[in-house]
Amino acid sequence: MTSQSQGIHQLLQAEKRAKDKLEEAKKRKEKRLKQAKEEAMAEIDQYRMQKEKEFRLTQSKVMGSQSNLSEEIEEQTQGKIKELSGSYNKYVESVLKQLLNIVCDVKPEIHVNYRATN
């Protein structure tokens with residue numbers, strides 16, 4: 001009977017060691033998963049920072065060229081306004097004289113389609 005109880009005792013000890021090893025393996029697995037998750041998050045953060053940096057560089061290039069474009073357009077617009085103002089000031093008097101002459105100097109004539117009825 002002692003050999004049976006000794007055998008049972010050995011089996012229980014073996015089962016306990018197996019259970020301990022399983023728990024230890026689970027803990028190592030959880031620890032490794034946690035470590036892998038942290039590594040992945042660090043890699044994701046690094047990738048995100050890199051892409052944000054690239055985006056900011058691209059954005060600054062685009063915005064910089066847009067501001068240059070708007071300054072250039074503003075310059076062209078001001079030049080055109082000055083040109084048109086000069087042209088207006090140059091011809092305003094002569095055009096007004098022509099209009100007044102046409103309106104004020106009325107020459108009565110009979111219309112070409114007029115038929116005298118007798």
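Buried means under 20% relative accessible area, exposed means over 50%, and partly exposed lies in between (1.4 Å probe, protein chains only). The model is predicted: local features need pLDDT of at least 70, side-chain atom pairs count only at pLDDT 80 or more, and totals for chains, interfaces and linings use all residues. Residues are numbered from 1 along each chain as its sequence is written, and side-chain values use heavy atoms, with hydrogens and water left out.

**View 1. Salt bridge between Arg 56 and Glu 52.** A salt bridge is defined as a side-chain nitrogen of Lys or Arg within 4 Å of a carboxyl oxygen of Asp or Glu; by this rule the count comes to five. For Arg 56 and Glu 52, the closest N and O atoms are 3.8 Å apart. Both residues lie in helix H1, four residues apart, about one turn of the helix. Helices (H or I, at least four residues) and strands (E, at least two) are DSSP runs, numbered from the N terminus. Glu 52 is partly exposed because its relative accessible area is 38%; Arg 56 is also partly exposed, with a value of 49%.

**View 2. Salt bridge between Glu 54 and Lys 51.** The side chains of this pair meet at 3.4 Å, N to O. Glu 54 and Lys 51 are separated by about one helical turn because they stand three residues apart in helix H1. With a relative accessibility of 35%, Glu 54 counts as partly exposed. Lys 51 is partly exposed at 37%.

**View 3. Salt bridge between Glu 24 and Arg 28.** The closest N and O atoms of Glu 24 and Arg 28 are 3.0 Å apart. The two residues belong to helix H1 and are four residues apart, about one turn of the helix. Glu 24 has a relative accessible area of 47% and is therefore partly exposed.

**View 4. Nonpolar surface patch containing Val 95.** Tyr 91, Val 95, Leu 96 and Leu 99 form the patch, with about 380 Å² of accessible area together. Patches are made of residues with over 30% relative accessible area and no salt bridge; like charges are joined within 9 Å, and nonpolar side chains (Val, Leu, Ile, Met, Phe, Trp, Tyr) within 5 Å. Accessible areas come from the Shrake-Rupley method with a 1.4 Å probe, and for residues only the protein chains shown count as cover. Val 95 is found in helix H1 and, at 41% relative accessibility, counts as partly exposed.

**View 5. Glu 43 in helix H1.** Helix H1 spans residues 2-104 and includes Glu 43. At 58% relative accessibility, Glu 43 counts as exposed. The C-alpha atoms of Glu 43 and Val 106 are separated by 90 Å, with the two residues 63 residues apart along the chain.
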